[in-house]
Amino acid sequence: MNVESILAGAVAGGTSILYPTLGEVIAERSGVVNLGTEGSMLCGALAAYAVGIETGNPWLGVLAGLVAGALMAMVHAYVVLARGANQLATGLVVSFLGLGLTSLFGQDYVGRGVEALTDWDVPLLSELPFLGRVLFQHDPLTYLSIVAAFAAWWALRRTRAGVRLRAAGERPEVLSTFGTSPVRVRFLAVTCGGALAGLGGAQLATAFTRNWSEGMTAGRGYIAVGLTIFAAWDPLRAIAGAYLFSGAEALQLQLQAEGTSLSPFLLQAFPYVVVILVLALLSSRRLGAAPEALSRVFEGRAA
Amino acid sequence: MTTPVNDAPAVDAPGVEEVPAVVSISVATAPDARGGLPAAAGVVVRALRWLGPPAAALAVFALFLVLKGASPAEAFEGMWRSAFGDGDAFGETLLRTVPLLMAALAVAVPARAGLFNIGGEGQLLLGAIGAQAMAMVLDGSLPSAPTLVLMALAGMAAGLVWAAIAGGLRVVTGMNEAISSLLLNYLAAILLAWLVFEPWKDPNSLGQAYSEELVGGERLPVIWGDRVHLGVLLVAVVPVVLWLVLRYTPWGFKLRVVGGNPEAARRAGLRVGGLGLAAMALGGAIAGLGGMLEVAGVEGRLRPDMLVGFGYIGFLASWLGRHHPLKAIGASAALAAVAVGGNGLKVASGLSGGAVNVLMALVLLAVLGWSQKESKETRAPSVALRVGLRRSAARARPEAAVAGVAVATGEALDAEGARA
């Protein structure tokens, strides 16, 4: 079995799950669960793909994906924060909206080729044996995702905005006392999270699969919400979570390519089973680390 | 039994004021807080609340259609024709209502216990798989009626198991049931695809894979037109039975208490985990029945893309009906009409069938966002869901809910004790 290509595949495939996981970490740290991440990803993927085709410039596509993801998240944030609707239900409906919108506007783009984001080999490092192929021969958005994870980690710990965001998720009353609106902080956090999810969708459509098909995210947005628990709401652990899923995916693809006796359908189930099992094993330990306002949502107590 | 009130964490001033309101919601139906308005104005407000969200959703959907370059008038007319145009169209809407309603009830029952079952999609599919498996095992060895009953039981058992996985994970590991049931949907779809493409594949199926066809006694008899099958009658039966169970049995009451506040229920001696698990399982069984009805009444075989999206639309229907079993009938029928209208959209305007999902999602967003402003008047089934509907955490008072439901639970258990 070719370990090098499995790991390289895990890194390439993990990007489209790392971005939404980071986005969800940011949103949930502010106290809002966003199951609409799936919808943000789908809209981001289609927007990036379509704009990439129409303009011929994949980077404009990536920008469009970012904006589309943020817009979907703003719908969620508005209905949840300004209108007080239930977070889990609203998120699912936003995902459903994303599925419908991309089905409506995406049908003309099925099967059309896009100017893909090309891989950029890091000078020198990419020539390293083994590590070069695994880590340093990817598209720019993949490198950026790692940078984004560290940036999010630093921002949450060290910046004024990060402290405010965490306060909104732990003790919104305190934040109000200091003259900052927790609702505004949450709105921005959810929007920012949606932008990251849109970026993940953009990478999926324009760099990883280089294709558009209806419902192509296949639950990645929901998996990101699950992995947020795995990551204990820590951006750096989100990297591990994302590569756990994509590693399982890359492993099963490699097994399929090598032609095992196992059915390809059962292999397809493998990454989902891994995520469910890992979450089942870790949930009880992780939930203590959940932001205070968030555990109320998870326990069905409050929004 | 009211002692837990004293154990509740200190409640700050505005929360104290809210205690009576929460108690009244959990114990009795909510009082009409708009008391000051004259009756006629109340009717207008109510009508607006019912008609406003769908109208707003239709307007936004029309805007999207214009953006796409389609004529909204043509599209709506096509949708109407394919959902209600003639007897066949109406029959189709009726047929689509069946699995939708079962998926909606699969959401509604756990919601009573404060749990989110988003796994209706997978539970429907498992029901279809279970029914098909039973038909293959029996292989025509029994007369039609017992065959169909056994198929229904097998479908319900399969749906029950699938939902119980999510419910069990919640009880044992604390894993959030919304996320586990969502992920299980993907596994169910993969399982169905595997069965249909490999072990159960009909050798005669060439291009599109499907399982062997159910024949004769394995099919539900058609009772109206060419397609409407006997199972349609269950649309009236299942919700009523469920409503009676939830409203008039001790078990139904306990579910409401658990949904009201798990902590208070635990202190009152209820087995919170077991009740939640049972609610999930019952929901899964109902969805499983929906899958069985689809395979025995409509499809007659398993196909890889059967029932796609119905679990999610059922979730929307349950929220549209505020998790009330009887209101779920109307909500499911309305969404079924929109779903069937999707075919008309395809024919009349050449748009993709999935486009109607936009309309359904918009209606739900409008309902979720529109009515919560008046959340003091709305009657959601449980405090947990009600509290979840509030505007911000600063205003939500779980402590108040603890106090309120503890009182309710205490009274109810005392009453039960008196009866025994």
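1. Helices here (H or I, at least four residues) and strands (E, at least two) are DSSP runs, numbered from the N terminus.

2. Before going on, a word on the model and its labels. This is a predicted model, in which local features need pLDDT of at least 70 and side-chain atom pairs count only at pLDDT 80 or more, while totals for chains, interfaces and linings use all residues. Residues are numbered from 1 along each chain as its sequence is written, and chains are lettered from A and ligands numbered from 1 in the order in which they are written.

3. Back to α4(A): 20 of its 20 residues are buried, so this helix is largely enclosed by the rest of the structure. Here a residue is buried if 20 or more other C-beta atoms lie within 10 Å of its own, exposed if 12 or fewer, and partly exposed in between, with C-beta atoms placed from the backbone.

4. Now look at where the chains meet. The contact takes 50 residues from chain A and 54 residues from chain B, two residues being in contact if their C-beta atoms, placed from the backbone, lie within 7 Å. On the chain A side, α4(A) gives the largest share, 13 residues. By class, that side has 30 nonpolar, 15 polar and five charged residues. Ala, Val, Leu, Ile, Met, Phe, Trp, Tyr, Cys and Pro count as nonpolar, Asp, Glu, Lys and Arg as charged, and the others, Gly among them, as polar.

5. Within chain B, helix α6 (residues 120–138) packs on helix α12 (residues 272–299) at an angle of about 55°, their axes 6 Å apart. α6(B) is therefore oblique to α12(B). Axes are lines fitted to C-alpha atoms, for helices over the stretch in contact, and angles run from 0 to 180 degrees between N-to-C directions; angles under 35 degrees count as roughly parallel, over 145 as roughly antiparallel, 65 to 115 as roughly perpendicular and the rest as oblique. The residues of this contact of α6(B) with α12(B) divide into ten nonpolar, nine polar and one charged.

6. Within chain A, helix α7 (residues 160–170) and helix α9 (residues 182–208) cross at roughly 110°, and their axes come within 9 Å. The two helices, α7(A) and α9(A), are therefore roughly perpendicular to each other. In α7(A), A:R164, A:L165 and A:A168 meet A:P182, A:V185, A:R186 and A:A189 of α9(A).

7. Helix α9 of chain A also holds A:G201, which counts as buried with 37 C-beta neighbours inside 10 Å. Leaving aside neighbours within four places in sequence, the contacts of A:G201 include A:M41, A:G65 and A:T217.

8. Finally, two loop residues in chain B deserve a look. Most residues other than glycine have a negative phi. B:D139, in the loop between α6 and α7 (144–173) of chain B, has a positive phi near 50° and counts as exposed, with 9 C-beta neighbours inside 10 Å. B:R322 has a positive phi of about 50°; it sits in the loop between α13 (310–320) and α14 (325–349) of chain B. With 18 C-beta neighbours inside 10 Å, B:R322 counts as partly exposed.
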